[in-house]
Amino acid sequence: MKDTNKHKGLRNQLAKILEDKGIIDKNVLDAIRTIPRHLFLNSSFEDFAYQDKAFPIGAGQTISQPYTVAYQSQLLDVKKDQKILEIGTGSGYQTAVLCLLGAKVYSVERQNELFKTTSLLLPKLGIRPKHLSFGDGYKGLPNHAPFDSIIVTAGAPIIPQPLMAQLKIGGKLVIPVGENEQIMTLLIRKNETQFEKHELGDFKFVPLLENKN
C-alpha cells in the first residue's frame, strides 16, 4: 500500500491531461491529484494507473477511465454533505472521488467478489462511504432515498424508473444510456413528474445488468 512521490507526480500529470480535455472543476481535479489510483488496480497494472485509460479489475468489470470519472463527477457538481447514490461501486475509485468531494456516498455493487474487496480496501485508505451494499443497482436503495444525486457507472439500455423515483426534486441523475455505445445523459428532476434531459456525448461502459447477482 505504498504511495510515493513518483505516484504523486504522475497524478499531477494526469490532472493536467484531464484539465486539457476540459475538466474545469477544481475540486474534482484536486481529488484526482490526491487519490492513489494505483492502489485500486491489480498490482500488475500499477505502471499504467495514471494513464487516462480504463482497466480490468476482475469479475468482468473495469475501473473507468479517469476522464470519465472526472466528467461524471463534474456533472454532479457535488456540494458538501450531499447524499449521493452510486450504482456500481466497482473498484471504489469513483466512490473515493465522491467522498473526497465531501459527499455522503451510498454505493451498490452487484458483483460479490468486488463488493468484498472494495469494502476492505476503502477503510484502509481512510475513505468511509456512508453505506456500501451488495445488490441489484437497477433497484437503487429505496430505504435510503431520496438522494441529492445519483451516478451510474455502467451502461444502461434504459434509465431505470426506480432510480428516477429516488431522486430529490432539483436532484441530478448522471447515467450512460445505450447498448454497445452509451450517451452520457444528465436528468434533472424538476418536480414530482417532470425531468429535464441533457445528452452529452458518447462513452463506452460495461453493461448495467438487472437481477444478475
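Leaving aside neighbours within four places in sequence, Gln-111 is in contact with Ala-59, Gln-61 and Phe-134, where contact means heavy atoms within 4.5 Å. Gln-111 lies in the loop between β4 and α5. With a relative accessibility of 19%, Gln-111 counts as buried; buried means under 20% relative accessible area, exposed over 50%, and partly exposed in between, with a 1.4 Å probe and protein chains only.

The structure is a predicted model, in which local features need pLDDT of at least 70, side-chain atom pairs count only at pLDDT 80 or more, and totals for chains, interfaces and linings use all residues. Residues are numbered from 1 along each chain as its sequence is written, and side-chain values use heavy atoms, with hydrogens and water left out.

The protein contains six helices and nine strands. These elements are DSSP runs numbered from the N terminus, helices being H or I with at least four residues and strands being E with at least two. For 213 residues, a compact globule would have a radius of gyration near 17 Å, and the 16 Å of the protein agrees with this; the radius is taken over C-alpha atoms, and the globule rule is 2.2 Å times the number of residues to the power 0.38. Along the principal axes, the C-alpha atoms fill a box of roughly 50 × 35 × 35 Å. Of the 213 residues, 53% count as buried. Among contacts between residues at least 6 apart in sequence, 51% join residues at least 24 apart.

The protein exposes about 10200 Å², of which carbon and sulfur atoms supply 52%; the areas come from the Shrake-Rupley method with a 1.4 Å probe, and for residues only the protein chains shown count as cover. There are 27 positive and 22 negative side chains, and the centres of the two sets lie 6 Å apart. In this count Lys and Arg are positive and Asp and Glu negative, while His and the chain ends are not counted. Each charge is placed at NZ of Lys, CZ of Arg, CG of Asp or CD of Glu.

In soluble globular proteins, nonpolar side chains tend to be buried together. The largest nonpolar core here has 42 residues, of which Leu-18, Ile-23, Phe-40, Tyr-93 and Leu-98 touch the most other members. Such a core is a set of buried Ala, Val, Leu, Ile, Met, Phe, Trp, Tyr and Cys residues joined through side-chain atoms within 4.5 Å. Two or more residues come from each of α1 (5–20), α2 (26–34), β1 (55–58), α3 (66–76), α4 (93–100), α5 (112–124) and β8 (182–189). The most is given by α3, with six residues. When residues up to four places away in sequence are not counted, the contacts of Ile-23 are Leu-18, Val-28, Leu-29, Tyr-67, Ala-70, Tyr-71 and Gln-74. A second, separate core of 17 residues includes Val-108, Leu-167, Leu-173 and Ile-175.

Helix α3 is largely enclosed by the rest of the structure, because 11 of its 11 residues are buried. Among them are Tyr-67, Ala-70, Tyr-71 and Gln-74. Just after α3, Asp-77 takes a positive phi of about 50°, a value found here in a residue other than glycine. Asp-77 lies in the loop between α3 and β3 (83–87) and is partly exposed at 35% relative accessibility. In the loop between α3 and β3 there is also Asp-81, which has a positive phi of about 70° although it is not a glycine. Asp-81 is partly exposed, with a relative accessible area of 43%.

Val-108 of the second core is found in strand β4 (residues 104–109) and is buried, with a relative accessible area of 3%. Beyond residues up to four places away in sequence, Val-108 touches a set of residues including Leu-85, Ile-87, Ser-133, Asp-136 and Leu-141. The C-alpha atoms of Val-108 and Ala-154 are separated by 12 Å, the two residues being 46 apart along the chain.

Phe-147 is placed in strand β6 (residues 147–152) and counts as buried at 0% relative accessibility. With residues up to four places away in sequence not counted, the contacts of Phe-147 include Leu-85, Tyr-106, Leu-141 and Leu-167. The peptide bond from Ala-145 to Pro-146 is cis, with omega near 0°, and Pro-146 is found in the loop between β5 (131–134) and β6.
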